[in-house]
Amino acid sequence: KKPTEWGKNHWGRWIPFHRQHQYFFLTFPPFVVPIVFQIENFYWAFIKATWMDVFWMMTFMVRRQYFLGPVLGGAWSVFKFYFFVRILESHYFVWCTQFNHIPMEFDVEKYKDWPSLQVATTANCTSNWFLDW
């Protein structure tokens, strides 16, 4: 109820909100891990001035280039391979986290107690090979 109202008011002018279930999986998930998380990690490392974290992030990139560069054929190939793996990881991450949010009811705050909220937001999915890893 509430997200539909918000979407129609804010995004309804530019994108077809009523068709988001058809285009969401192709637009947002590929960019969550490779772009948003990478930018966020570097942003917070620089803002908080945790220079050891910045150092280890940079050494990871140098080591990745040093070891995979000769195998994959250069810097551009290593970059493409890294982002290809991150895009696959991003789809998996979004798919798994959405299992927790599918049964949730979005509306104005109803001020329920904590146990009731936990029971209401637990996904009761049937067991299969994908979920039981």
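Contact here means heavy atoms within 4.5 Å. In this predicted model, residues 24 or more positions apart account for 54% of the contacts in the chain with a separation of 6 or more. The model is predicted, with local features requiring pLDDT of at least 70 and side-chain atom pairs pLDDT 80 or more, while totals for chains, interfaces and linings use all residues. Residues are numbered from 1 along each chain as its sequence is written, and side-chain values use heavy atoms, leaving out hydrogens and water.

**Overall architecture**
- The chain has 6 helices and 0 strands, taken as DSSP runs numbered from the N terminus (helices H or I, at least four residues; strands E, at least two).
- Of the 133 residues in the chain, 14% are buried, that is, under 20% relative accessible area with a 1.4 Å probe, protein chains only.

**Helix α3**
- Helix α3 covers residues 29-47, and its 19 residues reach 26 Å from first C-alpha to last, close to the expected 27 Å (1.5 Å times one less than the number of residues).
- A kink of about 30 degrees is centred on Phe37, the bend being the angle between axes fitted to the seven residues ending there and the seven starting there.
- Buried residues in α3 include Pro29, Pro30, Pro34 and Phe42.
- Ala49, which follows α3, has a positive phi near 55 degrees.

**Packing of α3 with α4**
- Helix α4 (residues 51-72) packs with α3 at an angle of about 145 degrees, with axes 8 Å apart; axes are lines fitted to C-alpha atoms over the stretch in contact, and angles run from 0 to 180 degrees between N-to-C directions.
- Asn41, Phe42, Ala45 and Phe46 of α3 meet Trp51, Val54, Met57, Met58 and Met61 of α4.

Note on methods
Buried < 20%, exposed > 50% of the residue type's maximum accessible area, 1.4 Å probe, protein only.
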